[in-house]
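Please look over the sequence and the model below.

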Amino acid sequence: MASTTSTQKMREEATCSICLNLMTNPMSITCGHSYCYLCIMDFFKNAGSKQVRLKICCPQCRIPFHMNSLRPNRQLGNLIEAIKEVDNEMSCEEHGEQLHLFCEDEGQLICWRCERTPQHKGHTTGLVEDVCQGYKEKLQKAMTKLKQLEEECMEQMMFTTMHTTEWKEKIQIQRQKIQSDFKNLQSFLQEEEKSYLWRLEKEEEQVLRKLRDRETTLVQKSQELKSHILELEKKCQGSAQKLLQNVNDTLSRSWAVKLEVPEPFALELHTMCSVSELYFDVKKMLRNYQVSVTLDPETAHHELVLSEDRRQVTRGYPQGNLDPSSRRFNAFHCVLGCEGFTSGRHYFEVDVGEGTGWVLGVCLETVQRGSDMKQEPQSGFWTLGLCKNRGYIALTSPSTSLHLSEQPLVVGVFLDYEAGIVSFYNMTTGFHIFTFPKASFSDILRPYFQVYPYSPLFLPLPDE
């Protein structure tokens with residue numbers, strides 16, 4: 001094999017003095033110097049006028065020559081090809097010799113001098129040309145396996161896309177059914193429609209999120225498989241030395257690639273609704289969510305009297321034996337229910353009787369309890385009341401006057417925490433009274449009651 005110095009001398013002889021690269025399609029002129037065909041042609045074109053170009057000088061020795069003296073230098077061309085082959089061969093970093101041997105034990109390319117070192121003593125070695133085919137077959141088997149995994153991955157992607165479309169169609173069909181069923185119902189049913197559609201969208205988002213996550217995982221796995229395949233193809237198409245370089249590591253990584261089968265899950269809707277069965281009896285539907293509410297004495301204003309079972313509250317005289325409590329209302333005659341709501345649907349009833357004034361609903365557990373208390377949603381109150389001067393009002397901001405055709409003796413309060421809905425019903429007739437604009441709850445909600453003189457409030461048991 002040529003030494004490094006000899007190779008360098010050959011490169012110098014084969015380098016074009018115009019472009020300073022190895023010559024491409026070398027051409028000789030009269031003086032014997034050679035250049036790339038395109039370089040000498042460009043040199044000729046840039047030489048000047050037509051008369052000057054008839055006879056120009058060599059770029060190196062300045063001897064004149066005619067363009068018709070150009071001749072292909074095939075021997076130099078063959079030398080250039082030989083230099084390129086030598087450049088493509090890898091050399092041992094330690095000894096500078098060509099890597100013509102492959103150590104089976106170490107799985108690496110070595111030179112003849114490496115073979116004689118203690119490190120490779122007793123190892124099984126062979127010529128690169130002899131062992132290349134065997135490893136090429138192993139790489140091809142690994143590539144076949146990866147291609148099969150890629151096909152399976154593409155099939156799973158196709159099924160995932162199909163499931164996504166199927167799921168969206170089911171959602172759309174269910175959405176249309178819910179909208180159709182709710183269309184002709186009164187305001188209560190309209191609020192129920194919004195609630196169910198909200199739940200359906202949440203369900204849709206959850207399942208679509210799973211499907212999108214699955215699709216993303218499969219796309220990533222497909223890209224990983226393609227990357228491995230391209231790596232193997234590049235090795236198989238390269239020289240024997242490049243094929244065998246780190247071949248065991250490449251095979252190990254290729255065989256380690258697995259394609260996990262996604263865990264199957266059924267595309268089944270859980271947000272189902274039969275309007276005719278559930279909602280034509282409003283009282284029956286509301287009482288499906290009824291909870292037992294009792295009054296919290298630690299929050300009661302000192303002039304409120306609670307019954308022993310804590311289901312009735314009356315406006316009375318100051319109670320002198322009350323325990324001090326920072327949770328107690330001290331400016332308005334109010335009391336909270338013991339129960340706190342942080343999720344789900346809840347319904348409770350309040351018997352207001354023939355009382356001339358009352359306020360009830362729900363509020364945040366953390367509302368102000370002094371003279372600066374404002375009963376409005378911005379301050380954490382969602383309440384409805386009867387005032388002596390204004391009649392029935394919803395305590396929005398500003399308040400909303402309500403015109404009821406019949407006096408409610410029992411008022412129902414319905415809370416859908418996730419949907420942000422607080423609604424009121426006349427349970428004497430089963431008619432809807434008012435629903436607050438949709439809110440976003442993030443804290444504990446408690447039943448709320450404000451008591452006026454001669455207007456006691458009573459909380460009936462759920463089964464009454």
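Two strands pair if DSSP finds at least two bridges between them. Helices (H or I, at least four residues) and strands (E, at least two) are DSSP runs, numbered from the N terminus. This is a predicted model: local features need pLDDT of at least 70, side-chain atom pairs count only at pLDDT 80 or more, and totals for chains, interfaces and linings use all residues. Residues are numbered from 1 along each chain as its sequence is written, and side-chain values use heavy atoms, with hydrogens and water left out.

Start with strand S18, residues 421-426. Buried means under 20% relative accessible area, exposed over 50%, partly exposed in between (1.4 Å probe, protein chains only). Six of the six residues of S18 are buried, so the strand is largely enclosed by the rest of the structure. In a regular strand the side chains alternate between the two faces of the sheet. Both faces of S18 are covered. One side carries Ile421, Ser423 and Tyr425, and the other carries Val422, Phe424 and Asn426.

Which strands pair with S18? Strand S17 (residues 410-416) pairs with S18 in the antiparallel sense over six bridges. Strand S19 (residues 431-435) also runs antiparallel to S18, joined by four bridges. Leu415 has Val422 in S18 as its bridge partner. Tyr425 stands opposite His432 in S19. The S17 and S18 hairpin has four residues between the strands, and Gly420 there takes a positive phi near 75°. The hairpin of S18 and S19 also has four residues between the strands; here Gly430 takes a positive phi near 85°.

**The nonpolar cores**

A nonpolar core is a set of buried Ala, Val, Leu, Ile, Met, Phe, Trp, Tyr and Cys residues joined through side-chain atoms within 4.5 Å. The largest one holds 47 residues. Trp358, Leu360, Trp382, Phe424, Tyr448 and Phe449 touch the most other members. Strand S13 (residues 358-364) supplies the largest share of this core, six residues. A second, separate core has 32 residues, including Cys111, Tyr135, Leu146 and Leu149.

Contact means heavy atoms within 4.5 Å. Leaving out residues up to four places away in sequence, Trp382 touches a list of residues that includes Leu360, Val422, Phe424, Phe436 and Leu445.

**Two open sheets**

Strands of a sheet pair through backbone hydrogen bonds, either parallel or antiparallel.

| Strand pair | Sense | Bridges |
|---|---|---|
| S1 (residues 26-28) and S2 | antiparallel | three bridges |
| S6 (residues 101-103) and S8 | antiparallel | three bridges |

Met27 has Tyr35 in S2 as its bridge partner.

Gln156 sits in helix H6 (residues 128-182). Its relative accessible area is 15%, so Gln156 is buried. Gln156 touches Leu218, Leu259, Glu260, Val261 and Pro262, not counting residues up to four places away in sequence. The C-alpha atoms of Gln156 and Pro262 are separated by 8.4 Å, although the two are 106 residues apart along the chain.

In helix H9 (residues 247-256), the buried residues are Val247, Thr250, Leu251 and Ser254. They cover an arc of only 95° around the axis, which puts them on the same side of H9. The arc is that of the directions from the helix axis to the C-beta atoms.

**Cysteines**

How many disulfides does the model have? A disulfide is counted as a pair of cysteine sulfur atoms within 2.5 Å. By this rule the count is zero. Cys16 is in no disulfide; the nearest cysteine sulfur, that of Cys19, is 3.9 Å away. Cys16 has 0% relative accessibility, so it counts as buried. The sulfur of Cys19 is 3.8 Å from the closest cysteine sulfur, in Cys39, too far for a bond. At 29% relative accessibility, Cys19 counts as partly exposed.
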